[in-house]
Amino acid sequence: DFLKPDYSYFKKLKNKSVLVTGAAGSIGMALCKKLNQIDVKNVVALDKSEIGIYNMKKELSNKRFKFILGDICNNNLLEYLKNKFKINLVFHAAAYKHLNILENNVCEAVKNNIFGTLNVIKSFNRHNVVIISTDKAANPSSILGFTKRISEIVSLSYKQTNSKINVVRFGNVFASQGSAINLFLEQINKGGPVTITNKKVQRYFMSSSQAANLVLKGSQISSNKNI
């Protein structure tokens with residue numbers, strides 16, 4: 001099973017400090033739960049959602065977790081976290097991901113998805129960084145797709161240094177925040193109708209746990225220029 005990480009690798013993480021950006025999101029939260037099982041030294045959980053951090057603390061309240069309210073566009077904050085917690089590994093999950101909303105908020109999409117990613121890479125370019133991307137970056141046709149594709153290109157270009165940066169791309173995560181599944185359930189509970197874009201469309205989903213495993217697997221792949 002490709003999604004199953006090499007668990008012997010986890011022994012190497014036990015004394016490491018890991019930064020997870022977008023930690024309060026669906027993927028970030030799933031990653032934090034996996035890292036908690038691995039017993040890493042520290043997990044620095046960074047998110048700019050106050051309510052997101054609040055909800056995380058209720059589920060993952062132990063000494064290992066350092067909950068930080070902040071923005072990846074804040075260079076000074078990233079440098080502070082790097083130095084204070086001696087970060088060894090970064091999982092960059094922070095991004096604006098809602099396709100329809102981003103179509104009408106192009107500047108914020110560019111600022112967060114492209115320049116935010118650039119900030120993370122600049123601060124941690126001598127570290128192991130896993131960039132979490134989306135299938136919509138393949139042959140992009142939306143603002144979400146274009147901004148994430150550019151962030152991939154920016155990330156891969158830094159491989160010319162001695163950094164280790166991997167890009168992991170996946171699609172729909174079942175019942176994640178903003179997922180169509182949640183919308184469908186809400187519509188069903190209200191008695192319908194269930195709105196779909198096309199009756200012939202097929203959707204494929206992975207669980208948040210599978211997605212987290214895929215990201216962890218990405219951190220184990222030797223540095224190359226592939227996604």
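This note goes through the predicted model point by point, from the whole chain down to a single residue.

1. Basis. The model is predicted: local features need pLDDT of at least 70, side-chain atom pairs count only at pLDDT 80 or more, and totals for chains, interfaces and linings use all residues. Residues are numbered from 1 along each chain as its sequence is written, and side-chain values use heavy atoms, with hydrogens and water left out.

2. The chain as a whole. The secondary structure comes to nine helices and eight strands. Helices (H or I, at least four residues) and strands (E, at least two) are DSSP runs, numbered from the N terminus. Of the 227 residues in the chain, 48% are buried. Buried means under 20% relative accessible area, exposed means over 50%, and partly exposed lies in between (1.4 Å probe, protein chains only). Among contacts between residues at least 6 apart in sequence, 73% join residues at least 24 apart; a contact means heavy atoms within 4.5 Å.

3. The sheet. Six strands form an open sheet in the order E3-E2-E1-E4-E5-E6, with parallel pairing. Strand E3 (65-69) and E6 stand at the edges with a single partner strand each, so one side of each has no neighbour in the sheet. From one strand to the next the twist averages 15°. Two strands count as paired if DSSP finds at least two bridges between them. Strands of a sheet pair through backbone hydrogen bonds, either parallel or antiparallel.

4. Strand E2. Strand E1 (residues 17-21) pairs with strand E2 (residues 42-47) in the parallel sense over five bridges. Ser17 has Asn42 in E2 as its bridge partner, and Thr21 stands opposite Leu46 in E2. Six of the six residues of E2 are buried, so this strand is largely enclosed by the rest of the structure. In a regular strand the side chains alternate between the two faces of the sheet. On one side of E2 are Asn42, Val44 and Leu46, on the other Val43, Ala45 and Asp47, and all are buried.

5. Strand E5. Which strands pair with E5? Strand E4 (residues 89-92) runs parallel to E5 and is joined to it by four bridges; here the partner of Leu89 is Asn128. Strand E6 (residues 164-170) also pairs with E5 in the parallel sense, over seven bridges, and Val129 has Ile165 in E6 as its bridge partner. Strand E5 (residues 128-134) is mostly covered, with seven of its seven residues buried.

6. Helix H2. The 13 residues of helix H2 (residues 26-38) should span 18 Å at 1.5 Å a residue, and the end C-alpha atoms are 19 Å apart, which agrees. The expected span of a helix is 1.5 Å times one less than its number of residues. Buried residues in H2 include Ile27, Met29, Leu31 and Leu35. Just after H2, Asp39 takes a positive phi of about 65°.

7. Helix H7. Helix H7 (residues 143-157) has 15 residues and reaches 21 Å from its first C-alpha to its last, close to the 21 Å expected. Among its buried residues are Ile143, Leu144, Thr147, Ser151 and Val154. An α-helix has 3.6 residues a turn, so residues three or four places apart point the same way. The buried residues of H7 pack against helix H5 (99-103), H6, E5 and E6.

8. Helices H4 and H6. Helix H4 (residues 75-85) and helix H6 (residues 106-123) pack at an angle of about 35°, with their axes 10 Å apart. Axes are lines fitted to C-alpha atoms, for helices over the stretch in contact, and angles run from 0 to 180 degrees between N-to-C directions. Asn75, Leu78, Glu79 and Lys82 in H4 meet Asn119, Val120 and Ser123 in H6.

9. Helix H9 and Tyr9. Helix H9 (residues 208-220) lies across E4, E5 and E6, running at about 155° to E6. Tyr9 has its place in helix H1 (residues 7-13) and is buried, with a relative accessible area of 14%. Not counting residues up to four places away in sequence, Tyr9 touches Leu89, Asn128, Ser219 and Gln220. Tyr9 and Leu216 are 207 residues apart in sequence, yet 9.7 Å apart in space, C-alpha to C-alpha.
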